[in-house]
Amino acid sequence: LEWELISWVASEIYMLDIFDVESVEFTSPKAHAKFELSGETDIEVKSNGLVIPAEDFKATYQVLVNLLITDWGTAPEDTAELMRLVNTHESGEVLDYSFRAVSAVNSYYTLNGEGQFYVEREKLMELRALFESLAGVK
């Protein structure tokens, strides 16, 4: 019987119910936006006072929920941040995700400054493009 410790680590990096999130602040080299969420049964999303289509935000959020750990990682030295998400829960808890390039395949991520895993860079870049689109980047 062979196994690796990575097999016992939850692969999802983000498992929050959208209705428990108060805000998501997104930053990339091209954009910065804070999305404020409200609603008990139907979600309403605003950014800079403008209403964001709920279905568009939900689709982006689904990609975030499906972003998975691919392997153990080593923090890269002197690489630019690809994307940052700061999520504030209704409870007041803050989760600060930072993603940095490692290779064409992997990106290293930290949660509140601590990290040890890679995520698939292609999926991360898809997520970044969706958030940039919500933020108004054409």
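Is Glu 81 buried, partly exposed or exposed, and what is its relative accessibility? Glu 81 counts as partly exposed, because its relative accessibility is 22%; buried means under 20% relative accessible area, exposed over 50%, and partly exposed in between, with a 1.4 Å probe and protein chains only.

## Basis of the model

This is a predicted model, in which local features need pLDDT of at least 70 and side-chain atom pairs count only at pLDDT 80 or more, while totals for chains, interfaces and linings use all residues. Residues are numbered from 1 along each chain as its sequence is written, and side-chain values use heavy atoms, with hydrogens and water left out.

## Salt bridges

The structure holds 5 salt bridges, each defined as a side-chain nitrogen of Lys or Arg within 4 Å of a carboxyl oxygen of Asp or Glu. One of them joins Glu 81 to Arg 84 at 2.8 Å, N to O. Arg 84 is partly exposed, with a relative accessible area of 28%. Together with Asp 96, Glu 81 and Arg 84 form a network of salt bridges.

Lys 58 pairs with Glu 55, their closest N and O atoms being 3.6 Å apart. These two residues are separated by about one helical turn, because they lie 3 residues apart in helix 1 (residues 54-65); helices are DSSP runs of H or I with at least four residues, strands are runs of E with at least two, and both are numbered from the N terminus. Lys 58 is partly exposed at 32%, whereas Glu 55 is exposed at 56%.

In helix 2 (residues 121-134), Glu 132 and Arg 128 lie 4 residues apart, about one turn of the helix. Their side chains meet in a salt bridge of 3.6 Å, N to O. Glu 132 is buried at 7% relative accessibility, and Arg 128 is buried at 14%.

Both residues are touched by Ser 28, which also touches Leu 82, not counting residues up to four places away in sequence; contact means heavy atoms within 4.5 Å. Ser 28 belongs to the loop between strand 1 (21-27) and strand 2 and is buried, with 10% relative accessibility.

## Val 119 in strand 9

Val 119 is found in strand 9 (residues 114-120) and is buried, its relative accessible area being 0%. Leu 68 is 51 residues from Val 119 in sequence, yet the C-alpha atoms are 5.9 Å apart. Beyond its neighbours within four places in sequence, Val 119 has contacts that include Ile 13, Leu 68, Phe 99 and Tyr 109.
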